[in-house]
Each structure stands twice: as structure tokens, then as C-alpha cells.
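Please open the structure in your viewer and keep the selection tool at hand. The tour below moves from one selection to the next and says what is there at each stop.

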Amino acid sequence: MAPIVSPSQPSALEERGRRLRRSAPALGVGWGGGGAVSTANRAQPGQFCRAGSAGTEALASGGAASTERPERPERPGPLQDETLGVASVPSQWRGVQGIRGETKSCQTASIATAEASAQTRKHADAEVQTEAPEPVSLPPVPQYDGPRLVAFLRRVEAMVTRELNKNWQSHAFDGFEVNWSEQQQTVTCLHTLGYPPAQGQGLHVTGVSWSTTGSVVACAYGRLDDGDWSTLKSFVCTWNLDRRGLNPQQPSAVVEVPSAVMCLAFHPTQPSHVAGGLYNGEVLVWDVSHPEDPLLWRTGLTDDAHMDPVNQVVWLPGPQHGHRFQVLSVAGDGKVLLWLAVGAGRLQLSAGFALAVQQLPRSTKLKKPPRGETEVGATAVAFSSFDPSLFVLGTEGGFLLKCSLAAEEPALTRLPSSVPLRAPAQFTFSPHGGPVYSVSCSPFHRNLFLSAGTDGHVHLYSMLQAQPLASLQLSLKYLFAVRWSPVRPLVFAAASGEGDVQLFDLQKSSQKPTVSIRQTQDESPVYCLEFNRQQTQLLAAGDAKGVVKVWQLSSEFTEQGPRETEDLDQLAAEVAT
């Protein structure tokens, strides 16, 4: 029998459904776990109680009403729940968050470890055994006579005191410094060099020069005596003294030249470049490291070239480019020319000077030139070691001229030239008794220079006065060359027409040579000589026999003595007195 429910007393289920309906809106939307949405019709007023237990059960079941038709038809009430289909709406927010999500991890590099162990063991065993010591016998102590020693000292006391006082007042050893090094007292000949084909033609060694490394010596073959040698084939030869198996009769390099070579000079920085002046007035530069084609540049026989034999050539730094060098040449035609290599094997005239008689200083007393000639022939040149623009010229008339490369006065001459010739002479010194063959400026003092000429004298001059400081007659014949030592301020060498080389040390004597070296046995002239600036103990000299001898100097000519520089300054200071 079913229980009877009184309308005035609702059941617990009905009361729960009523509360749910009051809390939900008329059109309720329920969110399920899967996002389902359920909707119900709006309840009509006055139909709440008639919903009965069916509505309450529907609400209690989460809004899912049964779709089955009841067994018995009931009268439709004013309020009826209805369940619609479920709509699924995917979440866009979750999808975006899933795309943007990133997973990262961090792991440091593994740390390398290593284990090492070391163990050393060092031991040494040594045994020493000596012979049994022997007793040393001491010599007996000598017995001296004390009273006799005292008597002796009393007798010599006055004499010793007197001598000590005398020595104390003497100035004989002022400035003396003890030199304990062993000195060589001899000058020896290391090499005797020659080229048989040149010697067979009777050619002379007219010039010698050392390379910038000091290991190669070069010589020029020509003629300095009377005769026309313009068509005579000549040679330039070099010997490398450091080469193993040196053959003194076979040069390291031989250059054949169509005219006699009167002078030559090695390049200051290029060990294989040699400049030479020819009898026909040309200036050439060779590369002796290429014997098959040695000629680099030449002046050619143009109007700019010399018209007389070239007496000397000198390498000088270029005016604008310090690494480029130019060649200066002097000749008997009175021109001093500067040549610059311009490529294509040609030396181009860059500047020139001319010695005109009427432009020399008034103190010069030259004879009237013959046949209306106005040029003074230049025979030798030397540049100052302290002023690169200052040089001294030796002339055929015996005069020495102080000149400058910076001179601007035009030369009064009719000599042909592609560049304006200038007058370089600024000062004239007292002359030799004949032509000047050689000039050398001191490498240790800016005002001192030496000259040698046909009168057999060597003159020591100062740039500050016309008269020489000293005049030394070294030969009864000509003097052909004079050179200052590159390491000793008071030492110089001279080559004479009597076949010897004389070495002077002004600190020891100002009147006679310290050493006279016999170069030729038959007194044939020695025409040229040069000190080696790198190997300072070497001196090369060439003679009329076509021979170059390399002399090794003793240490007294290569080691500077005490107060030598001061003595040189004192010698130059005599100018002011």
C-alpha cells in the first residue's frame, strides 16, 4: 500500500527541488563536467506545486529527465521539465596555451676529471778514498839580523825620500792608462789579388772599394800614365774574401768594359752594385751578382756627360727619397754632375755644377787658362761626415775648394747641359805644388781634412782657414791617395809613387810615418787604397802592376788610445791662434 503524502506536508525530495528551483533562474543553464548545456522552459505562474515528484526527481538527477513515455497518461501540468540535446563547445583558450607552451631543460657540461700520480726516486752512491796524509815538512824559519836591517833602512831613507819626491812632482805619466791586452806589432799581407788577362795587357789598378758588408773588395783596371787609352778594353773585378777556397788569381766576378775604368765605388747599402767612371766620360752602374748581364744603368755619350775622363764617383742619398741614391761624378772638364737612375737602364742628370775661373774666390791665384778656356778641372772630391751638403774639391791647379750642394749662383760657362749648372765654390785653400790627386775628410772632426798631390806632400787643413795646419813631405815622387782611418782619429794612410803605403799616427809623430809598407819591389807606383769600415783591421791597396794587396793592420792602428779624441780637438783648435 502506497504511502499517503499530504499536500500540506511536502516530502523531503519535494522540498529539495523547491529550493533548487528558487536558486536557479527561470531559464537555467547547467554546466556539466563535459561542458554540456541544458535548458528548460520558463515555468508558468501557479504551476510550481503541480510539478509533482517528477520534476523534483528530474532536478535531483542533474537536469536529465527521462525520455520514456509513462505507462499511464497523465494530465499535463502547467510546469513541465524538458531535456534538450547536448552541445559541445571546445575551449579555444586551452588550445592557444598549448601552442605557446615550451619545455626547456638546462644541463651544464660534464666536468672532466683526471687522476695522475707521480713518484720519483733518485739516489747516488759515491765513495772517496784518499791516501794516508803525509806530514808536511815546514822549511825552517830564516833568522834575520834585526839590527843590520834597521841600519840599512836608515842609510837609504834619505835617498828613497828624495827620489819619491822627484817622481811625485813629475808629469811624465799624466793621462797614462795601462793596457794589459797583447798587441800585435806587425802588418802582414793576407792576400795578393790579380786578374791575369788584365795584367797581361799592362793595365793598372786605378781604384779599389770595399762592399758595404766588408767581405768583398773590387778593383778597376785602367791606365793612369800617358797615352790614349779610350779604345782599350778594361775590366772590373771583385773577390769575396770570406769564400772558402779563394783563388787570388780568379775573381769572383769579372765585368768587361769597353773603355778604361778610372774609378769605382760600391753602393752604400746594396752589396752587389758598383758605380764606375770611364776614360770616355761615361758613368756606369753594374750589378756584379749577375755576371752574364751586369750593366744596370749608364749615362751614355750625350751632351750631359763629361767630356774628359771621370776622376772620381761617389754615392749620395737622393734629395727627396732617402732610400734612393744618386751618383756624383767629377772630371777634368770642370763639371760636377749628379746622376739619378730613372729606369730603362739610363742615368739621368738631376743637377750639375761647373768650376769657372772668374767665379772662384779672389784669393785663388790661377794662371791664365790656355786657349780661352774658363773651366777648372776637378781631380778629387770628399764629402763631410757631418754636413751632407759640404764637400771639398781638388783641382788640376793644386787648389782645394770648399763647395756646397746648396749653392744657387748660376755658373758662367758655355758647357752644354740639360739642367742649369751652378757655381759651387765658396772658399779656397792654399795650393799644393801640383795637381791634387786625393782628398779625405776626417770622420771624427767636422773641420779637418787631408789632401795629397803630385808634389809629394800631405796637407792637413781646417775648414776655417786657408793655410794648412801641417804639411808633411812623404815622397820625392807623386802621392796618389790619402785616407783617414775609420776607427783611429789620428791615423791616416798614404799611397806613394815610390811603391809603398805609409801609415801615420799623429799621436806618436807628426813628422815621420809609424810604419812604411813595401807594396811593390820595383818601386812601381801605388795608385789607390781604402780602409775596410766593417773589418777595420784590413787595408786594400792597388798598384801599377795590376795587383791588389790586402794588408792586415796591427792592433795599434785599430784600437783607439787614451785622450786621442781630445788630442784631435786640440789640433783643430790651433786654427784660432
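The stops that follow visit aromatic rings, then a histidine and its surroundings, and lastly the cysteines. Keep in mind throughout that this is a predicted model.

**Aromatic rings**

Begin by displaying the aromatic side chains, among which a search of the whole structure finds 12 pairs. Select Y195 and F235, whose ring centres are 5.3 Å apart and whose planes stand at 75°, so that the pair is edge-to-face. If you colour by secondary structure, you will find Y195 in the loop between strand 3 (188-194) and helix 5 (196-200), while F235 belongs to strand 6 (residues 234-240), so this pair ties together parts that are 40 residues apart in sequence.

**A histidine and its surroundings**

Now centre the view on H457, which lies in strand 23, a run covering residues 457-462. Which residues touch H457, once its neighbours within four places in sequence are left aside? They are H432, S451, A452, S471, L472, Q473 and L479. Of these contacts, L479 deserves a distance label, for its C-alpha atom is separated from that of H457 by 7.1 Å, although the two residues are 22 residues apart along the chain. Then look towards D455, whose backbone oxygen lies 3.0 Å from a polar atom of the H457 side chain.

**The cysteines**

For the last stop, show the cysteine side chains. How many disulfides does the structure hold? The number is 0. Select C528 and C219 to follow the reasoning for one case: C219 has the cysteine sulfur closest to that of C528, but the distance is 8.0 Å, too far for a bond, given that a disulfide needs the two sulfur atoms within 2.5 Å. C528 is also buried, with a relative accessible area of 8%. Finish at C441, which at 11% relative accessibility counts as buried, because the cut-off for that label is under 20%.

Definitions and conventions
Residues are numbered from 1 along each chain as its sequence is written. This is a predicted model: local features need pLDDT of at least 70, side-chain atom pairs count only at pLDDT 80 or more; totals for chains, interfaces and linings use all residues. Side-chain values use heavy atoms; hydrogens and water are left out. Buried means under 20% relative accessible area, exposed over 50%, partly exposed in between (1.4 Å probe, protein chains only). Helices (H or I, at least four residues) and strands (E, at least two) are DSSP runs, numbered from the N terminus. Contact means heavy atoms within 4.5 Å. A polar contact is a pair of N or O atoms within 3.5 Å; within protein, one must be able to donate a hydrogen and the other to accept it, and residues adjacent in sequence count only if both atoms are side-chain atoms. Rings of Phe, Tyr and Trp (its six-membered ring) pair if their centres lie within 6.5 Å; planes under 30 degrees apart count as stacked, over 60 as edge-to-face and the rest as tilted.
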